[in-house]
Amino acid sequence: MLQFAWSALVPAKPEPGRSILDPAVTRMRVLPQDLDFMRVVNSGSYLQIMNVAGYRHMGRAGGLRLAARQSWLGVVAASTLRYQRSLRLWDRFEDTSRVLGWDERVFYIEHVLTRDGKLCARGVVAMRFFHVRSRDRVSPHEVVRLLAQEQGHPVPESPELPDDVADWARSWAGQTTR
């Protein structure tokens, strides 16, 4: 929670030349509050770690400043996570996050958590934006267009999603989430 609060209150500054499609590496350390009774990182803590890395990624790409100016709020619509190796107290690890692509509803963001170059977990988050006051959805295409315009980049097309992510996205596409 402390890392998440810090990343929200003191966001990463935009890095010139960085695009929304550039991966971002966030280095962290396992803290006592991340652990469960088995002394490994709690499954819920992985989602919190991904939130911290996501905020830092968005900050570096200029997305947090844009969202603040537009009065947008980013929320998680769905997530999936696969565990490979446990993280333990004081372990140093990295979360490499990247936008895999987007559709008319959400952005698909991958988080690969590694320790000493070995995969610990892989998560994918579907994230959407809303206007804070009206609660109307903001199209990911609009977010990408405005962000590219602000940075002086051409507006990118969404990359094709990896097969596993496309299958996952279809599995919950018909479900209504606000």
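## Strands, rings and a helix, with reasons

Reader: How do β4 and strand β5 (residues 118–131) pair, and over how many bridges?

Author: In this predicted model, β4 and β5 run in the antiparallel sense, with nine bridges between them. Two strands count as paired from at least two bridges, so nine bridges meet that rule. One example is glutamate 110, whose bridge partner in β5 is valine 124.

Reader: What lies between the strands in the hairpin of β4 and β5?

Author: Two residues do, and aspartate 116 in this hairpin takes a positive phi near 55°.

Reader: What about strand β3 (residues 92–102): how does it pair with β4?

Author: Here too the sense is antiparallel, over eight bridges. Valine 99, for instance, has isoleucine 109 in β4 as its bridge partner. Together β3 and β4 make a hairpin, with four residues between them.

Reader: Why is strand β4 (residues 107–115) described as largely enclosed by the rest of the structure?

Author: Count its buried residues: they are eight of the nine, so the strand is largely enclosed.

Reader: Let's turn to the rings. How many aromatic pairs does the rule give?

Author: The count is six.

Reader: What makes the pair of tyrosine 46 and tyrosine 83 edge-to-face or stacked?

Author: Their ring centres are 5.1 Å apart, and their planes stand at 65°. Centres within 6.5 Å make a pair, and planes over 60 degrees apart count as edge-to-face, so this pair is edge-to-face.

Reader: Does tyrosine 46 count as buried or exposed, and what decides it?

Author: Its relative accessibility is 3%; buried means under 20%, so tyrosine 46 counts as buried. Tyrosine 83, at 42%, counts as partly exposed, since that class lies between 20% and 50%.

Reader: What makes the pair of tryptophan 102 and phenylalanine 107 tilted or stacked?

Author: The planes are 55° apart and the centres 5.9 Å apart, and the pair is tilted. An angle under 30 degrees would be stacked and one over 60 edge-to-face, so what remains is tilted. Tryptophan 102 is buried at 6% relative accessibility, and phenylalanine 107 is buried at 3%. Ring pairs also link Trp102 and Phe107 with Trp72 and Phe129 into a cluster.

Reader: Where does the charged end of arginine 105 sit?

Author: You can find it over the ring of tryptophan 172, 4.5 Å from the ring's centre.

Reader: How do you know whether the length of helix α4 (residues 140–151) agrees with its twelve residues?

Author: At 1.5 Å a residue, the helix should span 16 Å. The expected span uses one less than the number of residues. The end C-alpha atoms of α4 are 16 Å apart, which agrees.

Reader: Which residues of α4 are buried?

Author: They are Pro140, Val143, Val144, Leu146, Leu147 and Ala148.

Reader: What happens at the start of α4?

Author: There, a side-chain oxygen of serine 139 comes within 3.0 Å of the backbone nitrogen of histidine 141. Just after the helix, glycine 152 has a positive phi of about 75°.

Technical notes
Residues numbered from 1 in each chain as written. Predicted model: local features only at pLDDT ≥ 70, side-chain atom pairs only at ≥ 80, totals over all residues. Heavy atoms only, no water. Buried < 20%, exposed > 50% of the residue type's maximum accessible area, 1.4 Å probe, protein only. Lys NZ or Arg CZ within 6 Å of the ring centre and 35° of its normal. Polar contact = N/O pair within 3.5 Å; in protein donor to acceptor, adjacent residues only side chain to side chain.
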